[in-house]
Every structure is written in C-alpha cells, then in structure tokens.
Amino acid sequence: FLYNIRRQVFADRAVREALDYDYDFEWSNKQFAYGAYKRTRSYFANSDLEARNLPEGGELEILEKFRRRVPDEVFTAAYNPPSADGSGNNRANMKKAADVLEKAGYKLGADGVRVNDKGFRLEFEIIDTNPAFERWVLPFVANLKKIGVKSSFRVVDPAQYQNRMNEFDYDMTVGGFAQSDSPGNEQRDFWGSEKADMPGSRNYIGIKNPAVDELVEMIIQAKNREDLVSHVHALDRVLQWNYYVIPQWHIAHWRLAWAKKLKHPEHLSHISPGITDTWWVQE
C-alpha cells in the first residue's frame, strides 16, 4: 500500500507507522493465498541489496553522515513489518496502532473517527483497478475502523486510474517499484524531491527528503559493487523507517511447469529462470 504523503492525512510519520500495525498480512495470506506469499520488508526484497540486521561496516559509515537527519531507528533496529499469528485476532497490533495515534494527538471523536486538536480527521480512500483485490483490502478497512480510522476502497477503470496517478489525485493505492540488480538513475524517479510535484512521475509517494536525495546521488556515483550495495542498503533502511508504504508480499521462488520431454540446466538464474532460452527436447 503506497501512502500519498502530499495529503495531510499521511504527512505525519506517526500516522503512517500506526496504520502499519493494522494490516493483518498473516491472516490474509492464509485465507486468500494458501500461505504462498512471503511478507515484503524491503524496497529491494529477496536480493543482496536488501538491508538486514543492524547497519555495520561501510553502510554504517555512510549512515553516520545522516545521523539526526533520519529516524533514530535506522541505527538501533532492523525494520520488520508487524506480524500476527494468522488467527484474525490482531488485537495486540491494533492496540499498538491506537496507542501510537493517541500519542500523536488523535483522539476518538463522537462519531468514532479519530481527530486531532486542529479538527483534522483520520479519513482516506484507497483506489485500485482490480475488483479482485477487494478481498485483501476490505479486512484492512474493517481493522482500521476498529481503531477509529475511516477508510474506503474504490475500484476505478484503468484510464481514470492512470489520470489520477498522473495528477497524484489519491490518498492511498496499491503499487510497487520494480528494481534491477544494479540500481542507478531510476532511483531519482522513485524518490527524488524534484520529481515529487512533476505530474506523471514515478515518485508516487511524494517523497521530499534531503537525506534520501543525497543517498540516491551517492548510489548513482558508486565506485564499485561493494560501494553500490552499501549505499543501497543505507537508502533502503532510511525508506523503511520513514514508513512510506505498508509492505505487502512477494513470492521468493519461480513457478514453472514443463512436459517431461523438455530438459533444462540443473541450475537457473536467480534473476530469471531463462528456461525458454535454455530448454531442449529429449525423446
């Protein structure tokens, strides 16, 4: 789920953090996907570019330049999205979400919707083009209601959706950022401040973060693979702890089926199976 932080409802990092606790991935994965998916925790998931554990070595040296300009958790904890037991009883996480919102100044109003002292209500709309996604989103909407956040899900046709995305006319949507094994200039399009207000750009979230801008430029200027990986880890960690998205899922393997007479190499690339380029017929 991508936040549009241009909207006031998601401008506060604490609000974004709170809603992260309210999405019960484990229950949805069990109910709708037979447990097939793996929770995504990184913008470079399932690769050596994913930031794991605590920063150290070259990555820590890079991040030290940004201390007090990025969330403190960048240095003290490895980001993992909140998890539940899959029972559908997500009370502990919802309690945590409510506590974060209370601390941020959002109190329950008379109609059950949280509001701050300036009269701003926690209310937003999620848009997508796929009606089949309702089964994943509506339980999330129901959980949000339980903590005093009013949300709705709207399916729009592809043309309207594209126009709204181009004009950043949405509160929250479903999307992703396709990454390569060698990140470079495209990172400016995803996270760069200069792209945040450019209609049609891929900075869907609306990020304007000087630390992120500087890290992106460092990635582009990386001297070698080790340098690149360290800088991408640093960027990943800063993005993670700013709660710019509510992570969904990925499949950490390839699904393949073939006739018995088709043979292929025993080992295939982790990037792409390559099976259509390397198979042969053995009678």
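Buried here means under 20% relative accessible area and exposed means over 50%, with partly exposed in between. Keep that in mind for what follows, and remember that this is a predicted model. By that cut-off, Lys150 is partly exposed, because its relative accessible area is 42%.

**Salt bridges**
- The count of salt bridges comes to 22.
- Lys150 pairs up with Glu123, and their closest N and O atoms are 3.7 Å apart.
- That pair links distant parts of the chain, with Glu123 in strand S5 and Lys150 in strand S6, 27 residues apart.
- Glu123 has 37% relative accessibility, so it counts as partly exposed.
- Arg41 and Glu50 also meet through their side chains, at 2.8 Å from N to O.

- Arg164 and Glu125 form a salt bridge, 3.1 Å from N to O.
- Arg164 sits in helix H7 and Glu125 in strand S5, so the bridge ties together parts 39 residues apart in sequence.
- Arg164 is buried at 12% relative accessibility, and Glu125 is buried at 15%.
- Arg164 and Glu125 belong to a network of salt bridges that also links Arg7, Arg154, Asp169 and Asp171.

**Helix H7**
- H7 covers residues 158-166, and Tyr161, Arg164 and Met165 are its buried residues.
- These residues are on the same side of H7 because they cover an arc of only 100° around the axis.
- As a rule, an α-helix has 3.6 residues a turn, so residues three or four places apart point the same way.
- The buried residues of H7 pack against strands S5 (123-128), S6 (150-155) and S7 (172-173).
- Just past H7, Phe168 takes a positive phi of about 55°.

**Lys261 in its loop**
- Look for Lys261 in the loop between strand S8 (249-250) and strand S9 (262-263).
- Lys261 counts as partly exposed, because its relative accessibility is 45%.
- Setting aside neighbours within four places in sequence, Lys261 is in contact with Trp280, Val281 and Gln282.
- The C-alpha atoms of Lys261 and Gly58 are separated by 49 Å, and the two residues are 203 residues apart along the chain.

Terms used: Residues numbered from 1 in each chain as written. Predicted model: local features only at pLDDT ≥ 70, side-chain atom pairs only at ≥ 80, totals over all residues. Heavy atoms only, no water. Buried < 20%, exposed > 50% of the residue type's maximum accessible area, 1.4 Å probe, protein only. Helix = DSSP H or I, 4+ residues; strand = E, 2+ residues; numbered from the N terminus. Arc of directions from axis to C-beta. Contact = heavy atoms within 4.5 Å. Salt bridge = Lys/Arg side-chain N within 4 Å of Asp/Glu carboxyl O.
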